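User: I'd like to learn how to read a protein model. Could you take me through it feature by feature?

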Amino acid sequence: MDTDENSWCASNRDPIGAPSSDLQSEVHYPHSANAWEPGLTVYRTKKKKEKNMSHFDERSGVVYCRTPWGQWGQTMEEVTVEVQVPEGTKTRDLRCDIKPRSISIIVNKEDVVRGYLFGTVLVDECVWTLEDKKLVRMVLVKSDRSAGSCWRSLLVDKYEADPWVLDQMEKKLTLERFQRENPGFDFSGAEISGNYKGGGPQF
């Protein structure tokens, strides 16, 4: 079966496959009954993706904005938040809350990230994971998944991308849009100039 090692499969019963221990993480869904408790285990499993988008994602990467606690980046569909936490952190040390217009990440009862999001997200499709007991990864699914929906900052007036990083993010989203509209071409290493703001020109 064709698979993608970057995708996730969640289960609080029988995990799919037989993953090795170094790939084990815990995943939490905002509206799950076990959302804030350890035990809902996720394994990096392999999931088939559309070939051209998988190739584009692997080759082009994601542009990240550095922050005091880690970094955040985005694609047309998702915003990824990566928070470095003390090594050995357990899920009971964390409290992560995702709402349509706000998030909070609390580590050992201290606020690390809290505030109103730059855009809205689909809460039921968002997840957060604790990886290797030292990294919290929160994946937020955008309500607006168009190339023109480039977040300038993670939160309103906070963790704003500098002009160069924002420019690179807008280029990346525009190329991602071109890749989706033209699956027979490879835009992963393409250069773009001219009018690419707001997702680029409409043809």
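Analyst: Let's begin with strand pairing: two strands pair if DSSP finds at least two bridges between them. Helices (H or I, at least four residues) and strands (E, at least two) are DSSP runs, numbered from the N terminus. Here S8 and strand S9 (residues 110-116) pair in the antiparallel sense, over six bridges. This is a predicted model, in which local features need pLDDT of at least 70, side-chain atom pairs count only at pLDDT 80 or more, and totals for chains, interfaces and linings use all residues. Residues are numbered from 1 along each chain as its sequence is written, and side-chain values use heavy atoms, with hydrogens and water left out.

User: How many helices and strands are there in the protein?

Analyst: The protein has two helices and 13 strands.

User: And how do I read the confidence?

Analyst: pLDDT is the predictor's confidence in each residue, from 0 to 100. The mean for this protein is 76, with 65% of its residues at 70 or more. Residues 1-24 stay under 50 in pLDDT, and the model gives them 44 contacts beyond four places in sequence; contact means heavy atoms within 4.5 Å. Residues 32-50 are also below 50, with 67 contacts in the model beyond near neighbours in sequence.

User: Back to the hairpin of S8 and S9. Which residue takes a positive phi there?

Analyst: Asn108 does, near 50 degrees, in a hairpin with two residues between the strands. Lys109 sits in the loop between S8 and S9 too, and its phi is near 70 degrees, a positive value in a residue other than glycine. For surface terms, buried means under 20% relative accessible area, exposed over 50%, and partly exposed in between (1.4 Å probe, protein chains only). Lys109 has 82% relative accessibility, so it counts as exposed. You'll find another case in the loop between S10 and S11, where Lys133 lies. Lys133 is not a glycine either, yet its phi is positive at about 60 degrees. With 44% relative accessibility, Lys133 counts as partly exposed.

User: What stands opposite Val113 in S9?

Analyst: That's Ile105. Val113 also touches Trp69, Val83, Ile103, Ser104, Leu154, Leu155 and Tyr159, among others, leaving out residues up to four places away in sequence.

User: How should I think about a core?

Analyst: In soluble globular proteins, nonpolar side chains tend to be buried together. A nonpolar core is a set of buried Ala, Val, Leu, Ile, Met, Phe, Trp, Tyr and Cys residues joined through side-chain atoms within 4.5 Å. The largest one here has 34 residues, and Val113 is among those with the most contacts inside it, along with Trp72, Val81, Met138, Leu140 and Leu154. Elements giving two or more residues to this core include strand S6 (78-84), strand S8 (102-107), strand S11 (135-141) and helix H2 (163-181). H2 supplies the largest share, four residues. Phe178 is in helix H2, and at 12% relative accessibility it counts as buried. In the whole protein, buried residues make up 46% of the 203 residues.

User: How do I read aromatic pairs?

Analyst: A pair of aromatic rings is described by the distance of the centres and the angle of the planes. Rings of Phe, Tyr and Trp (its six-membered ring) pair if their centres lie within 6.5 Å; planes under 30 degrees apart count as stacked, over 60 as edge-to-face and the rest as tilted. This structure holds two such pairs. Trp69 and Tyr159 have ring centres 5.2 Å apart and planes at 80 degrees, so they are edge-to-face. Trp69 lies in the loop between strand S4 (64-67) and strand S5 (70-74), and Tyr159 in strand S13 (residues 158-160), so the pair ties together parts that are 90 residues apart in sequence. Both residues are buried.

User: What about the pair of Phe118 and Trp151?

Analyst: Phe118 and Trp151 form a tilted pair, 6.3 Å centre to centre with 45 degrees between the planes. Phe118 lies in the loop between S9 and S10 and Trp151 in the loop between S11 and S12, so this pair ties together parts 33 residues apart in sequence.

User: Are these two buried or partly exposed?

Analyst: Phe118 is partly exposed, with a relative accessible area of 34%, whereas Trp151 counts as buried at 3% relative accessibility.
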